[in-house]
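Colleague: Before I rely on the labels attached to this protein, I would like to go through them with you one at a time. Could you show me the structure and then set each label against its cut-off?

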Amino acid sequence: MTDTGERAIRRRQLRISPLWLLPLVALVIGGWMAYERFAARGPTVTLRMPDAEGIEAGKTLVKTRNVEVGRVQDVRLSEDLGHTVVEAQLRADAERMLNENTQFWVVKPRIGSQGISGLDTALSGAYIALQPGDAGAPRRHFEVLENPPVTGLGEGGLQITLLSGPEMGLTEGAPVTYHGMTVGRVTSVQLDASTREIEHQVFIESPYTELVTAQTRFWSSAGLSVNYSADGFSVDVQSLETLLGGGISLGVPDTGAGATVKPGHRFRVYRNQAAVRDAAMDQYLEYVVLLEDSVEGVSEGSAVRYRGVRIGTVDTVAWHFDGPRPGADDSLAVPVLVRLEPQRLTGQERETDLEAWRKRISDLIDEGLRASVKSESLITGTSYVALDMSADPGSVARMSWREHPVIPATTGGMGRLQDQMGQLLEKLNTLEIQSVLTRLEGTAESSQATFRSVQRTAASIQALLDDSATRELPRQMDEVLGELRSTLEGFDQDSELYQQLNGVLGQMEAVMQDLRPLVRTLREQPNALIFDREEVDDPEPRAPPQ
């Protein structure tokens, strides 16, 4: 009985063996892993892009701030075959990143106006970057940007619009600078076909938004600017970034900061800083100058100067050229519309009494104020309209052209130079060149005859000096003087005869002393009586051979 009960108990223990627990544990673990995977599964986003260069299903990652938040699951063509559709599976915690302001772009090696970026993807491969949106309705379909966004994640600032012409050549990503410091960038560039203007969306970073007010002015800042004026050449070199892609500079006039602006405010981009100053001259007087000289080099924006000081700007050349001529003026003078800007002399910070200036200019015209064209640079060929007081103005009747007062013009600059050249050529034509040449020929023959006479005289003197009797003359004179002295020794030294002979003898010795240098000079240079003696340096003794 006892043995049978023990065997029964042992059989029951073998039926509930621990080996049967292993499949159960594996099933529980597999279910937990499946649940974890399903719970971690985030939203699926659909990305539209022009092509799938560098994108591979199952390999290409989706990152934000260099942290993996998803992976590309499928890459296919759209139904119309016009673009590529990419589906990416994101993590669950990426749900809150997806809204209307979310942006995607492909990170790969790039060379642009902002430098070189994405070099780390040359080995690891391209990936899709995600910039979370800060607000907006949830969204699952996105357009992939061709280039990375200019503004960073969560950056505060001000978005404005700049209008310019096609000559500016600004590109997306171009910097906006203030005194050389970057304060913003161009985020996008679009062409408005209706106005034929280019709209630049610009983002100004915080805290530099305070620089943008109603009085702020923007102008194009090229990387390399070369200007030539009366003061010479000036070269302005900006940063390498603006040299490659251009840039925009902003400035605030001295008249005041002005009121703050709202996002989306529109500004005009000027050609350069000088154009900004010219545009600030909003108080001016318009006059017409009827120029009979050539207006080559005078164009819109050319300077109007009074005795070298700029006081205005040329508005239009050949302004209403076909209009009726004032009075009895039937000449084909070129009408040029100019603006006289008193603000250049009084400053922009105060109002200008235009009526007082109009009366002052009218009085100056009566006193002899005249206009002419002068060359500003022979290298560039530019010209300007010059105003000055004429020494002999004469009487001029008041004239108007299209209801604009006329400033009388005089011939000046290149016209005056042409007149002077014409007068010079006319005088040259009236000269009797043949008679002048005949006289010159006669003068040359006379000079040759004189020269031959001088040569004969020099030859005669040389022959006289070469004569043996002439060479013996100094020695013979010395002998005669010696004999005279020996003769005087026999006379009484106190006698009058002795004194006279002694004086004559001294004078003869002095004459001989003076003749010796003359004879020596004539012997060395026979023509010394006609020409100056040539200065010859004293000979230097040669060193003995070593």
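**Labels and their grounds**

Modeller: Let us begin with Val 295, which touches Val 317, Val 334 and Val 336 when residues up to four places away in sequence are left out. Please keep in mind throughout that this is a predicted model.

Colleague: Where does Val 295 lie, and why is Val 295 called buried?

Modeller: Val 295 lies in the loop between β19 and β20 (303-306). Buried means under 20% relative accessible area, and Val 295 has 18% relative accessibility, so Val 295 counts as buried. The C-alpha atoms of Val 295 and Ser 383 are separated by 7.9 Å, although these residues are 88 apart along the chain.

Colleague: What makes Ser 124 exposed?

Modeller: The label exposed asks for over 50% relative accessible area, and Ser 124 has 62%, so Ser 124 is exposed. Ser 124 has its place in helix α3 (residues 121-124), and from Ser 124 to Thr 60, 64 residues away in sequence, the C-alpha distance is 9.8 Å.

Colleague: Which residues have the most contacts inside the largest nonpolar core?

Modeller: They are Val 304, Leu 340, Leu 387 and Ile 407, in a core of 22 residues. Among the elements that each supply at least two residues of this core are β19 (285-291), β22 (334-340), α7 (354-367) and β24 (383-389). Apart from this core lies another, of 20 residues, among them Val 45, Ile 55, Val 69 and Met 97. To return to Leu 387, its contacts beyond four places in sequence include Val 304, Tyr 306, Ile 311, Leu 340, Leu 369 and Ile 407, as well as Arg 305, Arg 307 and Arg 370.

Colleague: Which residues make the nonpolar surface patch, and how do you know whether Leu 27 is buried or exposed?

Modeller: The patch, of about 720 Å², is made by Leu 21, Leu 24, Val 25, Leu 27, Val 28, Ile 29 and Met 33. Leu 27 belongs to helix α2 (residues 21-40). With the cut-off for exposed set at over 50%, the 63% relative accessibility of Leu 27 means that Leu 27 counts as exposed.

Colleague: How many aromatic pairs are there, and why is the pair of Phe 104 and Phe 142 called tilted?

Modeller: The count comes to 2 aromatic pairs. Ring centres within 6.5 Å make a pair, while planes under 30 degrees apart would be stacked and over 60 edge-to-face; the rings of Phe 104 and Phe 142 have centres 5.0 Å apart and planes at 55°, so this pair is tilted. Phe 104 is in strand β5 (residues 103-107) and Phe 142 in strand β9 (residues 141-145), so that the pair links distant parts of the chain, 38 residues apart. Phe 104 and Phe 142 are both buried.

Colleague: What makes Lys 108 and Glu 53 a salt bridge, and why do you say that the pair ties together parts of the chain?

Modeller: A salt bridge needs the side-chain nitrogen and the carboxyl oxygen within 4 Å, and for Lys 108 and Glu 53 the closest N and O atoms are 3.5 Å apart. Lys 108 lies in the loop between β5 and β6 (110-112) and Glu 53 in the loop between β1 (41-49) and β2 (61-64), so the pair ties together parts that are 55 residues apart in sequence. Lys 108, at 25% relative accessibility, counts as partly exposed, whereas Glu 53, at 52%, is exposed.

Colleague: How do you know that Glu 199 is bridged to Arg 266, and is Glu 199 buried or exposed?

Modeller: The closest N and O atoms of Glu 199 and Arg 266 are 3.2 Å apart, and the cut-off is within 4 Å. Glu 199 sits in strand β13 (residues 197-205) and Arg 266 in strand β18 (residues 266-270), 67 residues apart. Since buried means under 20%, Glu 199 at 16% relative accessibility counts as buried, while Arg 266 at 45% counts as partly exposed.

Colleague: How many salt bridges does a search of the whole structure find?

Modeller: The search finds 15 salt bridges, and a network of them links Asp 74, Arg 76 and Glu 87.

Terms used. Residues numbered from 1 in each chain as written. Predicted model: local features only at pLDDT ≥ 70, side-chain atom pairs only at ≥ 80, totals over all residues. Heavy atoms only, no water. Core = buried A, V, L, I, M, F, W, Y, C linked by side-chain atoms within 4.5 Å. Buried < 20%, exposed > 50% of the residue type's maximum accessible area, 1.4 Å probe, protein only. Helix = DSSP H or I, 4+ residues; strand = E, 2+ residues; numbered from the N terminus. Contact = heavy atoms within 4.5 Å. Patch = residues over 30% accessible without salt bridge, like charges linked within 9 Å, V, L, I, M, F, W, Y side chains within 5 Å. Areas by Shrake-Rupley, 256 points an atom, 1.4 Å probe, with all protein chains shown as cover. Phe/Tyr/Trp six-rings, centres within 6.5 Å; stacked < 30°, edge-to-face > 60°.
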